[in-house]
Amino acid sequence: MTLDPVHVDTIAHLASAIADGVDDGDHADLAGRVWEEFLDPLREDGRPTLDPLGAHELRRTPVTDAALADRPFASSHGIDSGTLNPTAFKNGLVLDVAQAAMGTEPTDLDVHGCRSIVVTVHANDTTVRFPSGWQRYDGGRSERRVLKVPRTRRFADETVHELALSLAESHHALQHSHLVDDLLVLDGPLYPKRLLNWATRDRELRELAYGDAVAEAVENYVRLVERHVERGVPLVGFVKNPTSGYIGRTLEANGVAAPWPDDAALFTRLLERREDGERLTDAVTHTSWFRSRGGSDRPLSARGDALGVERERDPEEYEVTFMHAYDPRADLLFKVEAPAAFTREESTRRALTRQVVSEVAAAGGPPRAVEKADELARIGVGEKAALRRKFEERFDTEFLRTYDDERWGGEYE
């Protein structure tokens, strides 16, 4: 049943009542003040945790100029992983499946055909045994693995999902990093931030954060950074949906009432250009670079413990640095992260900025190598249904259906 016109009008009336009570006219001024006074640097408990690298500026590049500009990196490789999504079965197992793939620009079909597949399993029965270690298949081109995750009373879904994603992606990146000549782009953050955040959450998750499975995933990313620094081949993480709220929380602690729901809203406000109430869409806008040592970036900072993973280089080289790019045509904000080992050099910062801004301007979205990796790694709705049927056959049981499975046929995922 759809909403009748009278109900639509009523909702619109309520929206007007809300709008009358909200005045965001000064939000732009506040965003500018935050940029000028609080992000150069941002301090937490008196210590700088976010500070500019080089010039502290907001910049813009005409869309056409950016799209047609020569790019500093002639080729690029992207990494992404897609998942089945956590699935519970009547025999007590909860599992997820992740497959990681590498996309290349220009296209390399041999690289596109390789996969790293991880099945993570949560079992309440402590006697259950699974094969261990990575195994090759598909003529040796691809690898697969079953990982029994640590038992947890409340976080089985989150555990199987995050570990499957992070282990598949990081393993695939490590195994194929030697193929990258110019630039590697991870689809997502530089490090597995959701795993890193476990260290600051519930006691049960804190214990998991310092366990072997999480340590393996974090170590993969640390070794990936080391390998690329040794080879002098930059890598970045391209975050399509930034969700951090660290800056807002820190501003509140410093006495600034931040009206933005998350940091992405703050940077969108800073980078969006308007004239006579209309958004200007003629230029891609972007920030300069920052070094981040707070929030989920703290564990890989020089002051962090990397969840117990040993770092073989100067800890400052692993620190997260970032910039934001805004595409006004679709009203989308992107975040780009890179290890400080690369961005401490102004020439590399300029090259990475130029590459990202050009690709965003040309594609209206993520870099092409990342888009290709996403297409390769994605597990579609039909494939998810087929995989669940396979598991039901092999387990001789059924997965635990919910009302949404019946209502939406799985398409709500």
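Which residues are linked in a network of salt bridges? They are D51, R291, R293 and E319, where a salt bridge is a side-chain nitrogen of Lys or Arg within 4 Å of a carboxyl oxygen of Asp or Glu. The structure is a predicted model, in which local features need pLDDT of at least 70 and side-chain atom pairs count only at pLDDT 80 or more, whereas totals for chains, interfaces and linings use all residues. Residues are numbered from 1 along each chain as its sequence is written, and side-chain values use heavy atoms, with hydrogens and water left out.

**Salt bridges**

| Pair | N to O distance |
|---|---|
| R33 and E37 | 3.2 Å |
| D297 and K193 | 3.1 Å |
| R368 and E375 | 3.6 Å |

R33 and E37 both lie in helix α2, 4 residues apart, which is about one turn of the helix; helices here are DSSP runs of H or I with at least four residues, and strands are runs of E with at least two, numbered from the N terminus. R33 has a relative accessible area of 38% and is therefore partly exposed, while E37, at 51%, is exposed.

D297 counts as buried because its relative accessibility is 5%, and K193 counts as buried at 15%. In the pair R368 and E375, R368 is partly exposed at 36% relative accessibility, and E375 is partly exposed with a relative accessible area of 43%.

**Packing of α2 against α10**

The axes of helix α2 (residues 27-37) and helix α10 (residues 263-271) come within 9 Å and cross at roughly 100°, the axes being lines fitted to C-alpha atoms over the stretch in contact, with angles that run from 0 to 180 degrees between N-to-C directions. The two helices α2 and α10 are therefore roughly perpendicular to each other, a description that covers angles of 65 to 115 degrees. On the α2 side H27, A28, A31, G32, V34 and W35 take part, and they meet L266, F267, R269 and L270 in α10, contact meaning heavy atoms within 4.5 Å.

**Two further residues**

N254 lies in the loop between α9 (246-253) and α10, and its relative accessibility of 36% is why N254 counts as partly exposed. Leaving aside neighbours within four places in sequence, N254 is in contact with L42 and R43, and the side chain of N254 reaches the backbone oxygen of R43 at 3.0 Å. N254 and P5, by comparison, are 249 residues apart in sequence and 47 Å apart in space, C-alpha to C-alpha.

Q355 is found in helix α12 (residues 346-363) and is buried, with a relative accessible area of 4%. Apart from neighbours within four places in sequence, Q355 is in contact with R71, P72, F73 and L183.

Notes: Parallel < 35°, antiparallel > 145°, perpendicular 65-115°, else oblique. Buried < 20%, exposed > 50% of the residue type's maximum accessible area, 1.4 Å probe, protein only. Polar contact = N/O pair within 3.5 Å; in protein donor to acceptor, adjacent residues only side chain to side chain.
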